[in-house]
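Trainee: I would like to learn how to read strands, cores and a ligand shell from coordinates. Please take one feature at a time.

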Amino acid sequence: MQNAVVTGWGKCIPPAVLTNDDIAGFIDTTDEWISKRTGIRRRHISHVNTSALASVAAQRALAAAGLSGSEIDLIILATTSPDTLIPNIAATVQADIGASCGAFDINAACSGFLYGVGLASTQIASGQCHKVLVVGAERLSYYIDWSRRETAVLFGDGAGAVVLEGVDGDRVLGVLGYALHNDPGGREFLKSEFGTGMNRFDPESLNFYIHLDGREVFKRAVHGMQSLCVRVLEEAGVCDAEVDLVIPHQANARIIASLAGRMKLPMEKVFINIAQYGNTSTATIPIAICDALDEGRIKPGCNILSGAFGAGLTSAALLLRWGDRTTPLNSSDAELPPCESSAMELIRPALDHFCN
Ligand code: COA
């Protein structure tokens, strides 16, 4: 059986920045409230579609792995904000990277990237695939009703990707275990009315937005992630003390601190980058992997525990033993097209619609 090891990683963050003060300029909130209650200081607003973010992150991950797109034999793209539903945007990424393989999108909300890595590792372990690209990409700004302060402050746009490769050997490396769950009793607490349930002939139906019961999701998130993290550690025979780094979904710094506290994992072992990006849903974990590598937080052979939760209410946990390499083999020259607008200019049509 082959181990599924991460050999490439890349992220794509759109350049336009929306600060807490920018948001406080149009709704009743403050930088102090947002940073204290969530840990978020800014988020990025995309001037391009989700697939463009995904393709750049994918090309950077391929370069880091020293691979070309034609060597990939499966693409799994996690998103809840695809630019098209038909076809899926994994197909767009596939065309951009020149791959010839299976490709599909998954919607498991903020847990989507971990769902994707779990499924990829199983494909590799079974021998069905050898090199799998997993992308998490979101343009959640598309869904935001900027007059609703409970969600306007939380979300941002971005993408991250990893390449997983099957590696033979005596040493146990790569994905050591994963667990997936869904709590349908909580599906009303985090939702958007976007989909075929909309009356496409009624302009009112275009007023869809993300509805969030923050307190309920907060409680269920901590509980859901904790139980799956504990299960994954137990099944892998790894104890808390052997966890070197925790890379959780970045939805709220207080959720992360509660999870670490309940699991008695010291905060020094927990990676948090929510201040810079807000909640980019399924992209938070691959972006955090890239940042943790850049900051030297991921060492060869270290045990990384990751947990996520999102609409559904989905949850997922993953235990990953990093391989030997923590630097990219190559760099990519893939870039987004230049952005001529500020973040405020990018959200102006939505502000005019929702806030006037
Ligand atoms: N600015 C200022 N005040 C705000 C605010 C904002 N952006 N949003 C809410 N408030 C107010 C509320 O109106 C409430 O006021 P009241 O006490 O006068 O009624 C007060 O702040 C506390 O609201 P509450 O909802 O209890 O805050 P909270 O501490 O639970 O934080 C969230 C709200 C949304 C940040 C938090 O619940 C959360 O992070 N939830 C989960 C995140 C999530 O679901 N993410 C998406 C899924 S991945």
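Trainee: Which residue stands opposite Leu-74 in β5?

Mentor: Strands of a sheet pair through backbone hydrogen bonds, either parallel or antiparallel. Here Leu-74 stands opposite Gly-102 in β5. β4 (residues 74–78) and β5 (residues 102–106) run parallel and are joined by five bridges. From β4 the chain passes through helix α4 (residues 89–97) to β5, a β-α-β crossover that is right-handed. Two strands pair if DSSP finds at least two bridges between them. Helices (H or I, at least four residues) and strands (E, at least two) are DSSP runs, numbered from the N terminus. Right-handed means that, with the strands pointing away from the viewer, the path from the first strand over the helix to the second runs clockwise.

This is a predicted model, in which local features need pLDDT of at least 70 and side-chain atom pairs count only at pLDDT 80 or more, while totals for chains, interfaces and linings use all residues. Residues are numbered from 1 along each chain as its sequence is written.

Trainee: Which strand does β4 pair with in the parallel sense besides β5?

Mentor: β4 also pairs with β6 (residues 131–139), in the parallel sense and over five bridges. Within β6, Val-134 is the bridge partner of Ile-76.

Trainee: Which way do the residues of β4 point, and are they buried or exposed?

Mentor: In a regular strand the side chains alternate between the two faces of the sheet. From β4, Leu-74, Ile-76 and Ala-78 point one way, Ile-75 and Leu-77 the other way, and all are buried. Buried means 20 or more other C-beta atoms within 10 Å of the residue's own, exposed means 12 or fewer, and partly exposed lies in between, with C-beta atoms placed from the backbone.

Arg-43 is the bridge partner of Leu-18.

Trainee: How many residues are in the largest nonpolar core?

Mentor: In soluble globular proteins, nonpolar side chains tend to be buried together. The largest nonpolar core here has 112 residues, and Ala-57, Ala-61, Val-134, Val-135 and Leu-164 have the most contacts inside it. Helix α3 (residues 50–65) gives the largest share of this core, eleven residues. Such a core is a set of buried Ala, Val, Leu, Ile, Met, Phe, Trp, Tyr and Cys residues joined through C-beta atoms within 7 Å.

Not counting residues up to four places away in sequence, Val-135 touches residues including Ala-57, Leu-77, Val-93 and Ala-159. Contact means that the C-beta atoms, placed from the backbone, lie within 7 Å.

Trainee: Why does Thr-280 count as buried?

Mentor: Thr-280 counts as buried because it has 32 C-beta neighbours inside 10 Å. Thr-280 is found in the loop between α9 (274–277) and α10 (284–294). Among the residues that Thr-280 touches are Glu-138, Asp-157 and Ile-287.

Trainee: Which residues come nearest to the ligand?

Mentor: Thr-29, Arg-149, Gly-214, Val-217 and Asn-252 come nearest, out of 20 residues around the ligand. A residue is near if its C-beta atom, placed from the backbone, lies within 6 Å of the molecule. At least two residues of the shell come from each of α2 (31–38), α6 (149–152) and α7 (214–236). The shell divides into ten nonpolar, six polar and four charged residues. Here Ala, Val, Leu, Ile, Met, Phe, Trp, Tyr, Cys and Pro count as nonpolar, Asp, Glu, Lys and Arg as charged, and the others, Gly among them, as polar.

Conventions
Two residues are in contact if their C-beta atoms, placed from the backbone, lie within 7 Å.
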